[in-house]
Amino acid sequence: MIDSLNGEVLDVGLDHAVIECAGVGYRFLAAPPTLAGLTRGESRRVLTSMVVKDDGVTLYGFTDTAARELFHTLQAVSGLGPKLALACLSVFEPAELARLIAGGEAKAIQSIPGVGKKMAERMVLELKDKVAGYAPQPDTQVAAPAEAGSSVVVEQVVEALVGLGFTERAARPVVEKHAAEAPETASSSVLRAALSELGKR
């Protein structure tokens, strides 16, 4: 199992990145908060989870152990696979998602693309007693979030939303509005704010 990657960042896409380790480039899927802390040409370390299926092997990357462990815990819910688990972590930080689940706030959880009423209620029912211990762990955090308010961050968040199923036409004005309102806000916060607004439409 590949537990982590530590090396030069070769590429950062809307839903993935590539890190070179010992001459081999490893491609992994990750949520926008993780991708926001990666910069091409710089050395970074990410924690990983390797998912093996009949159609191949996929690596998922995370900034800290809390995110990775919650990624695994979420998949204990029937019908919730790794891609939907990653979508959950794209919308909420681990501590916030854990709080919503433990508090039975199924309606708020439904703001996650792909999570309907039944899935949100199932998450609350099956995980409310399992998520209390999740919290951010600064000592294991890999990369600081990028600052928002720039065209780079706007494009990154728009691409992330398109990857989650929203149209660019609907996503772009919402992202630009939230980025302009708080230029110092991290891209992950802009993403969550945009998702919250788009989810109400």
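The dialogue below goes from the overall layout to the sheet, the helices and the cores.

Modeller: This is a predicted model, in which local features need pLDDT of at least 70 and side-chain atom pairs count only at pLDDT 80 or more, while totals for chains, interfaces and linings use all residues. Residues are numbered from 1 along each chain as its sequence is written, and side-chain values use heavy atoms, with hydrogens and water left out.

Biologist: What does the secondary structure of the chain come to, and which pattern does the chain follow along the sequence?

Modeller: Helices (H or I, at least four residues) and strands (E, at least two) are DSSP runs, numbered from the N terminus. Here there are nine helices and five strands, and along the sequence the pattern reads β-β-β-α-β-β-α-α-α-α-α-α-α-α.

Biologist: How many of the residues of the chain, as a percentage, count as buried?

Modeller: A residue is buried under 20% relative accessible area, exposed over 50% and partly exposed in between, with a 1.4 Å probe and protein chains only. By that criterion 46% of the 201 residues are buried. As for contacts (heavy atoms within 4.5 Å), among those in the chain with a separation of 6 or more, 56% are between residues 24 or more positions apart.

Biologist: In what order do the strands close into a barrel, and how should I read their pairing?

Modeller: Two strands pair if DSSP finds at least two bridges between them. The five strands close into a barrel in the order 1-2-3-5-4, with mixed pairing. From one strand to the next the twist averages 55 degrees, where axes are lines fitted to C-alpha atoms, for helices over the stretch in contact, and angles run from 0 to 180 degrees between N-to-C directions.

Biologist: Which residues are bridge partners along that order?

Modeller: Strand 1 (residues 4-12) and strand 2 are antiparallel over four bridges, with Val12 partnered by Ala17, and a hairpin of three residues joins these strands. Strand 2 (residues 16-21) is joined in turn to strand 3 (residues 24-30) by six bridges, again antiparallel; Ile19 has Tyr26 as its bridge partner, Cys21 stands opposite Val24, and in the two-residue hairpin between these strands Ala22 takes a positive phi near 55 degrees. Strand 3 and strand 5 pair in the parallel sense over three bridges, with Leu59 as the partner of Phe28. Strand 4 and strand 5 are antiparallel over seven bridges, Val52 stands opposite Val57, and two residues form the hairpin between strand 4 and strand 5.

Biologist: Why is strand 2 described as largely enclosed by the rest of the structure?

Modeller: Strand 2 is so described because five of its six residues are buried.

Biologist: Turning to the helices, how does one read which side of a helix is buried?

Modeller: An α-helix has 3.6 residues a turn, so residues three or four places apart point the same way. In helix 6 (residues 117-127), the buried residues are Met119, Ala120, Met123, Val124 and Leu127. These residues lie on the same side of helix 6 because they cover an arc of only 140 degrees around the axis, the arc being that of the directions from the helix axis to the C-beta atoms. On the other side, Lys117, Lys118 and Leu125 are exposed, and the cover over the buried residues includes helix 2 (65-74), helix 3 (82-91), helix 4 (94-102) and helix 5 (106-109).

Biologist: Which residues of helix 4 are buried, and what do they pack against?

Modeller: In helix 4, Pro94, Leu97, Ala98, Leu100 and Ile101 are buried. They fall within an arc of 160 degrees seen down the axis, so they line one face of helix 4, and they pack against helix 2, helix 3, helix 5 and helix 6.

Biologist: Finally, which residues touch the most other members of the largest nonpolar core?

Modeller: In soluble globular proteins, nonpolar side chains tend to be buried together. A nonpolar core is a set of buried Ala, Val, Leu, Ile, Met, Phe, Trp, Tyr and Cys residues joined through side-chain atoms within 4.5 Å. Of the 48 residues in the largest one, Leu74, Leu97, Ile109, Ile112, Val115, Met123 and Leu161 touch the most other members, and helix 3 gives the most to this core, with seven residues. Apart from this core lies another, of twelve residues, among them Val9, Phe28, Ala30 and Val46.
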